[in-house]
Amino acid sequence: MRLTVIGTGYLGATHAICMAVMGHDVLGVDVDTTKIEKLASGQVPFFEPGLPELLSKALDSGRLRFTTSFAEAGAFGDVHFICVGTPQQADSEAADLTYVDAAVTVLAPYLRRRTLVVGKSTVPVGTAARLAGLLRELAPAGDEAELAWNPEFLREGFAVDDTMRPDRLVFGVTSAWAEERLRDAFEPVLAQDVPVKVTDLQTAELVKVAANSFLATKISYINAMAEICEATGADVHDLAEALAYDDRIGGRFLRPGLGFGGGCLPKDIRAFAYRAEELGVGQAVGFLREIDGINRRRRARTVDLVVEICGGDVAGKRVAALGAAFKPNSDDIRDAPALDVAERLRAAGATVVVYDPAALESARRAHPGLEYSTSALDAARGADVVVLLTEWNEFREIEPSAMAAVVRHRKIVDGRHALDPAGWRAAGWEYRALGRPTVA
Ligand code: UGA
């Protein structure tokens with residue numbers, strides 16, 4: 001099949017590369033010339049394990065090309081996937097649909113034969129129906145240019161696996177023809193017995209935001225329990241483990257700590273709450289604002305704990321911040337809890353030295369007031385306190401005695417519950433983590 005993928009950011013680049021590897025002829029389209037040139041020359045513009053190798057493979061096979069021309073895209077594709085971003089608006093909690101609207105508006109005039117346009121971006125429910133109308137109006141093919149919705153559930157750091165072997169596929173369609181086209185496009189995935197849910201457009205849009213809201217709720221739930229543990233001396237780590245043995249609850253996304261960040265969960269729950277209010281059913285998901293509030297409090301409480309362990313004031317103190325990315329195996333710093341905490345400590349007068357295995361460059365550009373080191377030990381040199389903010393495996397492997405030899409004071413705040421408290425305490429460290437007893 002001939003597929004175009006419009007928008008070659010995180011989602012689009014991964015989708016285009018994987019679809020080409022699965023045997024389709026794929027054209028990646030973007031308005032950003034630099035991005036297109038990079039991809040065409042075999043460079044993935046972000047950190048994603050396994051993706052650079054697949055990009056080379058796809059380019060070598062001749063099945064993947066890139067362009068900035070929508071005219072070329074319109075003529076080429078049997079199916080067009082829209083993978084552009086829907087960030088939070090600058091002055092409201094609503095999703096910014098500028099890029100999705102632009103993609104459809106610019107592509108439509110080039111659609112002269114029967115074609116399927118498939119939205120993958122995360123959008124407020126109701127967007128697909130509106131875009132379907134826009135497409136009919138603007139495409140020379142008229143009613144023959146159909147719209148479908150196919151939400152994407154990939155996680156950064158696992159993007160290749162999640163695309164090649166997703167938990168499920170969701171097809172929001174308005175005709176049997178559209179369903180058939182999608183089944184053809186995803187044939188290699190469906191051949192692995194991946195379940196597919198075929199539904200209407202609005203349900204397909206909702207599956208995505210409902211899933212991300214559920215995940216955010218699960219994380220904030222355990223972090224709310226951490227607050228209770230902090231007030232009672234109970235241990236949220238043990239609590240989470242004990243809850244997880246119940247299959248109905250399960251342990252995934254039940255890791256307490258600094259909470260969620262990134263380009264998806266925070267903005268998706270806000271946009272969902274906003275959209276529900278627009279629809280007059282805001283009360284139904286009013287709890288999402290509480291979920292957001294619990295999540296924001298984690299950052300403030302982590303800062304408070306660092307201040308406390310420093311004796312009530314961090315002014316003039318040297319803080320080693322381990323981690324900048326919003327989660328491990330990623331260089332993404334969008335709404336990163338780690339950098340938020342680092343900036344708050346700096347605002348309180350501390351000198352904050354950051355180390356991250358993948359996100360140093362982007363962090364340095366976005367947060368020039370922080371200092372940076374090229375290793376965890378280097379960042380910890382002379383530190384009054386070490387704060388673990390992103391749970392990279394590399395940090396789990398730090399030898400407490402090796403780090404003890406370079407710091408000024410052996411004090412560590414484990415913002416992600418990633419370290420073994422007993423091992424660190426045995427090496428003479430004052431180990432603290434929110435929701436865990438002060439002394440084991
Ligand atoms: C999330 C969803 O997991 C994907 O299914 C979805 O496709 C994606 O958003 C999206 O909408 O595009 P992602 O943002 O890559 O994926 O990251 P997650 O792995 O979900 O982690 C989100 C945040 O939650 C991270 O900051 C992580 O550190 C935090 N987290 C996760 C916890 O604090 N505790 C946990 O138990 C799990």
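Over residues 320-421 the chain is 32% helix and 18% strand, with 18 Å between the end C-alpha atoms. The model is predicted. An unreviewed UniProt entry annotates residues 320-421 as "domain: UDP-glucose/GDP-mannose dehydrogenase C-terminal".

**The sheet**

- An open sheet is formed by six strands, in the order β11-β10-β9-β12-β13-β14, and their pairing is parallel.
- Strands β11 (371-372) and β14 (430-432) are the edges, each pairing on one side only.
- Two bridges join β11 to strand β10 (residues 351-355) in the parallel sense.
- V353 has E371, in β11, as its bridge partner.

**Helices across the sheet**

- Helix α14 (residues 337-347) lies across β9 and β10, and runs at about 160° to β10.

**Around the ligand**

- The ligand is surrounded by 21 residues, of which E156, R255, F260, G262 and C264 are the closest.
- By class, the shell around the ligand holds ten nonpolar, six polar and five charged residues.
- Helix α10 (residues 201-232) supplies three residues, the largest share of this shell.
- The ligand lies between domain 1 (2-199) and domain 2 (209-292), because both give residues to the shell around it.

Technical notes
Residues are numbered from 1 along each chain as its sequence is written. This is a predicted model: local features need pLDDT of at least 70, side-chain atom pairs count only at pLDDT 80 or more; totals for chains, interfaces and linings use all residues. UniProt positions are given in the numbering used here, feature names are shortened, and annotations may be inferred rather than shown by experiment. Helices (H or I, at least four residues) and strands (E, at least two) are DSSP runs, numbered from the N terminus. Two strands pair if DSSP finds at least two bridges between them. Two residues are in contact if their C-beta atoms, placed from the backbone, lie within 7 Å. Axes are lines fitted to C-alpha atoms, for helices over the stretch in contact, and angles run from 0 to 180 degrees between N-to-C directions. A residue is near a molecule or strand if its C-beta atom, placed from the backbone, lies within 6 Å of it. Ala, Val, Leu, Ile, Met, Phe, Trp, Tyr, Cys and Pro count as nonpolar, Asp, Glu, Lys and Arg as charged, and the others, Gly among them, as polar. Domain bounds come from an automatic or database domain assignment.
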